[in-house]
Amino acid sequence: MKKLIALSLITFASFAGFAQAEDESTKCDAPKDTWMTEEAMKAKATDMGYDVRQVKVEDGCYEVYGIKDGKKVEAIFNPATGEQVGAE
């Protein structure tokens, strides 16, 4: 019985992670010609309190790597609106 419960929890956790990744990528499906520049994304993230170290594109989203509140962060943003859609 314990194995069944553990397997159920692992399956649920895996599905929840997949669902989150799917949700983030659908929030970043803007046409490339509507994207803000990487410099504008960096400025927006800086205004939000991030000490930005790197900005890159992954799965159609901007990923901002930096430090916020003394912790390393990877924040995910919609490239057209600059809205934060996730974090890792």
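**Contacts in a predicted model**

Reader: Which side chain does Arg 53 meet in a salt bridge?

Author: Asp 51, with 2.9 Å from N to O. A salt bridge here is a side-chain nitrogen of Lys or Arg within 4 Å of a carboxyl oxygen of Asp or Glu.

Reader: What kind of model is this, and which pLDDT limits apply?

Author: It is a predicted model: local features need pLDDT of at least 70, side-chain atom pairs count only at pLDDT 80 or more, and totals for chains, interfaces and linings use all residues. Residues are numbered from 1 along each chain as its sequence is written, and side-chain values use heavy atoms, with hydrogens and water left out.

Reader: Back to Arg 53. Buried or exposed?

Author: Exposed, because its relative accessibility is 57%. The cut-offs: buried is under 20% relative accessible area, exposed over 50%, partly exposed in between (1.4 Å probe, protein chains only).

Reader: New topic. What is the average pLDDT of the chain?

Author: The average is 82, and 70% of the residues score at least 70. pLDDT is the predictor's confidence in each residue, from 0 to 100.

Reader: Which element has the lowest mean pLDDT?

Author: Helix α1, residues 2-26, with a mean of 51. Helix α2, residues 38-47, has the highest, 97. Helices (H or I, at least four residues) and strands (E, at least two) are DSSP runs, numbered from the N terminus.

Reader: Disulfides next. How many does the structure hold?

Author: It holds 1. Cys 28 is joined to Cys 61, S to S 2.0 Å. The rule is a pair of cysteine sulfur atoms within 2.5 Å.

Reader: Why is the disulfide called right-handed?

Author: Because the torsion about the S-S bond of Cys 28 and Cys 61 is about 105°. Cys 28 lies in the loop between α1 and α2 and Cys 61 in strand β2 (residues 61-68), so the pair ties together parts 33 residues apart in sequence.

Reader: And Cys 28, buried or exposed?

Author: Buried, at 4% relative accessibility. Cys 61 is buried as well, at 4%.

Reader: How many aromatic pairs does the count give?

Author: It comes to 2. One of them is Tyr 50 with Phe 77: centres 6.1 Å apart, planes at 80°, so edge-to-face. Rings of Phe, Tyr and Trp (its six-membered ring) pair if their centres lie within 6.5 Å; planes under 30 degrees apart are stacked, over 60 edge-to-face, the rest tilted.

Reader: Where do Tyr 50 and Phe 77 lie?

Author: Tyr 50 is in the loop between α2 and β1 (51-58), and Phe 77 is in strand β3 (residues 71-77), so the pair ties together parts 27 residues apart in sequence. Both Tyr 50 and Phe 77 are buried.

Reader: Which charged end sits over the ring of Tyr 50?

Author: That of Lys 68, 4.6 Å from the ring centre. The test is NZ of Lys or CZ of Arg within 6 Å of the ring centre and within 35 degrees of the ring normal.

Reader: Last one, backbone. What is phi of Asp 59?

Author: Near 55°, a positive value in a residue other than glycine. Asp 59 lies in the loop between β1 and β2 and is exposed at 65%. Asp 69 also has a positive phi, near 55°. Asp 69 is in the loop between β2 and β3 and is exposed at 72%.
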